[in-house]
Amino acid sequence: MAPPQENTTMIKRKLASGIRRRSLLAGVAALGAAGAVGSASGCSRVDVSGATGGGHQLEDLRKKGTVRMGIASEPPYASINSKGELTGEAPAVAKTIFRRLGIKNFEPVPVEFGALVPGLHSFQYDVIVAGMFINKARCAAVLFSDPDYENKDAFLVLKGNPKKIHSYADIAKGKFRMGSGIGYAEIDYAVGNGVKKDTIQTYGDQIAGMEALEAGRIDAFAGTALTMIEALKAGKHPKVEMTEPFTPVVDGKPQRDGGGYGFRIGETNLRDAFNRELQKMKKSGELLRIAKPYGFTEEFMTDLTAKELCKK
Ligand SMILES: CC1=N[C@H](C(=O)O)[C@@H](O)CN1
């Protein structure tokens, strides 16, 4: 009997499995870099074109009806609240968009921040929903949406800021002990300012960072300003305060940081559909309305794009 003619579905399936293989290869490379050194970038040496023919994940997710969201425990971006529910600005925005794309159910998959990229590539979840900054190194392993916010950095320090720390350069100059989260971009900013990487202590989250500060193990804990505001809200670390938010500077260049949603390389259909909805929400002001209850004000809204951030 003659072999059946290839119909459109069969061709689509072939293309899809090719893209899956490429995604997986990208993931393995990402795992190597991020897993080995807990790198802030979490990736390297992968084809960054992203133009691999569209992907099939949007179709698959619509059939399944559920999106699994990779989150790190970091209010106000994404976390699990005391009732065990998924909360935060990033899930609120992502849920709105996915509903409009025809997907109604959501499952959080909490991991450490430094494990977000490897977890995406090992298919533990479908999308990174953690306010992750978009930068050149990460774009080698992750297909980012446009950013939905921009933010400055800040330090948690002991009350009164006894070491007078206001920038990464201050940390380098004073040879102070810095802490940050595992895989945080702030580690690269510190290193870019001359802080020795092996002197930076990494912690699972900002709560652990505050414990380290109060115990005198570090002099400052670096992260986003919004993270620090939220961390202090609980009022459980009375010896800790935050510094004035600042724009990090590396090699004389101010680093404007924008965070977005991370998809697997090759899933351009899904990313583009997500972006289209995000852009509508930016234009209509809906994005700010959704983000406001989580502490994001007008100044956090951004005109940065993933394309430009992927170059930095
Ligand atoms: C929202 C967030 N952004 C930074 C980053 O992307 O590395 C880190 O500060 C971790 N959390």
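In the predicted model, Asp-272 and Arg-271 are joined by a salt bridge whose closest N and O atoms lie 2.9 Å apart. Asp-272 is partly exposed, at a relative accessibility of 31%, whereas Arg-271 counts as buried, with a value of 17%. This contact is one of 10 salt bridges found in a search of the whole structure.

A further salt bridge is formed between Asp-219 and Arg-177, with 3.0 Å separating the closest N and O atoms. The two residues belong to distant parts of the chain and are 42 residues apart: Asp-219 is placed in the loop between helix 8 (206-214) and strand 11 (220-224), while Arg-177 is found in the loop between helix 6 and strand 9 (178-181). Asp-219 has a relative accessibility of 11% and therefore counts as buried, but Arg-177, at 33%, is partly exposed.

Arg-256 and Asp-303 likewise form a salt bridge, for which the distance between the closest N and O atoms is 3.0 Å. Because Arg-256 is located in the loop between strand 14 (253-254) and strand 15, and Asp-303 in the loop between helix 11 (286-291) and helix 12 (306-309), the pair ties together parts of the chain that are 47 residues apart in sequence. Arg-256 is partly exposed, with a relative accessible area of 40%, and Asp-303 is exposed, with a relative accessible area of 58%. Both residues also belong to a network of salt bridges in which they are linked with Glu-150.

The structure holds 12 aromatic pairs, among them the edge-to-face pair of Tyr-168 and Phe-246, whose ring centres are 5.5 Å apart and whose planes make an angle of 65°. This pair also connects distant parts of the chain, since Tyr-168 belongs to helix 6 (residues 168-174) and Phe-246 to the loop between strand 12 (240-242) and strand 13 (249-250), at a separation of 78 residues. Tyr-168 is buried, with a relative accessible area of 1%, and Phe-246 is buried as well, with a relative accessible area of 12%.

Phe-263 and Phe-274 form another edge-to-face pair, with a centre-to-centre distance of 5.3 Å and 65° between the planes. Here the link runs from strand 15 (residues 257-264), which contains Phe-263, to helix 10 (residues 268-284), which contains Phe-274, and the two residues are 11 residues apart. Both Phe-263 and Phe-274 are buried. Beyond these pairs, Tyr-77, Tyr-149, Phe-296 and Phe-300 are joined by ring pairs into a cluster.

At least two lining residues are supplied by each of strand 5 (127-133), helix 7 (185-192) and strand 11; strand 5 makes the greatest contribution, with four residues.

Conventions:
Residues are numbered from 1 along each chain as its sequence is written. This is a predicted model: local features need pLDDT of at least 70, side-chain atom pairs count only at pLDDT 80 or more; totals for chains, interfaces and linings use all residues. Side-chain values use heavy atoms; hydrogens and water are left out. Rings of Phe, Tyr and Trp (its six-membered ring) pair if their centres lie within 6.5 Å; planes under 30 degrees apart count as stacked, over 60 as edge-to-face and the rest as tilted. Buried means under 20% relative accessible area, exposed over 50%, partly exposed in between (1.4 Å probe, protein chains only). A salt bridge is a side-chain nitrogen of Lys or Arg within 4 Å of a carboxyl oxygen of Asp or Glu.
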